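Subject: Two-chain model for you to look at

Hello,

Here is the structure I promised to pass on. Please open it alongside this note, and then read on for what turned up.

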Amino acid sequence: MARAAVLLGSAAALAAAFALGTRFGGNAERVVIERDARPAMVTPVTMAVRPSTNATVTADQVRAIVREELATEREDGDTATGDPQVVAAREESAIRARQVVARAIEQRTWSERDRDELLAAMRNLDSSQANAILGELFPALNDGRVTLTYAGAPL
Amino acid sequence: MHTSMRMATGALVLGAMLVSTGVATAGRKEYRDVTVNVTERKASGSLGDARRNGTIQSITISIRGMANYMSGTAAFTDEDGHRGHCFTTDPKMVEALASVRSDGLVSVEWTSNGECIVVDAYTSSRWSTKEQ
């Protein structure tokens, strides 16, 4: 009887030791796997947050933000054209075109030579630059400040 | 006999000519001189009539393709020498100006800075074709 109790106790101890060993062994494997699955390096993320002391935005602040965004877009657009020399040449053409129109307004006449010079200067402009320049010339033609010296269209 | 046949033939030919002339001149006709109103910023006229009437009237439409945009201009001169001009770089307006034909009537309106805001281009048998 006592021997049977010793055998049963030994069996229980063995079972308990097996169960404990299995559990600790399993945990060790999972820890290793989890470490292997982690990324070697975490990429830092930078976020720009503007502090705000007031929940309401004034009209002036909105205007300032819009101006800032438009200026950024303009810079991006100029960069997108590629060669800075192209951008510089375009600006130079715009200046030349404005000079031709200013001279005509001063002289009060628009000749074929003026037309040809303006067309040559306008070749490299974009539509907004062309609009700004023609928006100076055409009102002067329509209100009589500048007179065509030839028949036909000013451009 | 020969004389009466010749007279009959002549009468037939004359009749045919009259009929054909009548057919050629049939149909509704309208004349549209060039008008320019710089106060209201608008101008209009028929290209054929501007050419035909022998005064200083004129209408000139120009379309130019540049590297980065297209432009169109319209220039009108009425018989008193008044001039009206407008320009555009809006592709739809340029397209409308480009559609003006030599037997067309064109009408434009513009803003204070001379930019075309209305371009109407009509083509009709009622208006004269541009002559040489």
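The expected span of a helix is 1.5 Å times one less than its number of residues. Keep that in mind for helix 3 of chain A, residues 84-107. This helix has 24 residues, and 34 Å is expected for it at 1.5 Å a residue. From first C-alpha to last it reaches 35 Å, close to that value. Please note that this is a predicted model.

Staying with helix 3 of chain A, which of its residues are buried? They are Ala97(A), Val100(A), Val101(A) and Ala104(A). An α-helix has 3.6 residues a turn, so residues three or four places apart point the same way. The buried residues of helix 3 pack against strand 1, helix 4 (112-122) and helix 5 of chain A. After the helix comes Arg108(A), with a positive phi near 65°.

Now confidence in chain A. Its mean pLDDT is 71, and 48% of its residues reach 70 or more. Among the chain's elements, helix 1 (residues 2-37) has the lowest mean pLDDT, 46. Strand 1 (residues 109-110) has the highest, 98. Over residues 17-53 of chain A, pLDDT stays under 50. For that stretch the model has 0 contacts beyond four places in sequence.

Next, chain B. It has 3 helices and 7 strands. From the N terminus on, the order is α-β-β-α-β-β-β-α-β-β. Of the 132 residues in chain B, 32% are buried. Take the contacts in chain B between residues at least 6 apart in sequence: 49% of them join residues at least 24 apart.

Chain B holds an open sheet of 3 strands, in the order 3-4-5, with antiparallel pairing. Strand 3 (58-65) and strand 5 (83-88) stand at the edges. Each has a single partner strand, so one side of each is left without a neighbour in the sheet. The twist averages 10° from one strand to the next. Strand 3 and strand 4 (residues 70-77) of chain B pair over 8 bridges, in the antiparallel sense. Ser62(B), for example, has Thr73(B) in strand 4 as its bridge partner.

What packs on this sheet? Helix 5 of chain A (residues 127-142) does, touching strand 4 and strand 5 of chain B. Its direction makes about 170° with that of strand 5. Helix 3 of chain B (residues 91-98) also packs on the sheet, touching strand 3, strand 4 and strand 5 of chain B. The direction of this helix makes about 50° with that of strand 4.

That brings us to the interface. Here 21 residues of chain A are in contact with 22 residues of chain B. Helix 5 of chain A gives the largest share of chain A's side, 9 residues. By class, that side has 12 nonpolar, 6 polar and 3 charged residues.

Why does Trp110(B) count as buried? The cut-off is 20 or more other C-beta atoms within 10 Å. Trp110(B) counts as buried because it has 25 C-beta neighbours inside 10 Å. Leaving out residues up to four places away in sequence, Trp110(B) touches Arg41(B), Cys86(B), Glu115(B), Cys116(B) and Ile117(B). The C-alpha atoms of Trp110(B) and Phe87(B) are separated by 8.2 Å, with the two residues 23 apart along the chain.

Best wishes

Notes
Residues numbered from 1 in each chain as written. Chains lettered and ligands numbered in written order. Predicted model: local features only at pLDDT ≥ 70, side-chain atom pairs only at ≥ 80, totals over all residues. Pairing = 2+ DSSP bridges. Helix = DSSP H or I, 4+ residues; strand = E, 2+ residues; numbered from the N terminus. Axes fitted to C-alpha atoms, helices over the stretch in contact; angles between N-to-C directions. Contact = placed C-beta atoms within 7 Å. pLDDT = per-residue confidence, 0-100. Nonpolar A, V, L, I, M, F, W, Y, C, P; charged D, E, K, R; others polar. Buried ≥ 20, exposed ≤ 12 C-beta atoms within 10 Å, placed from the backbone.
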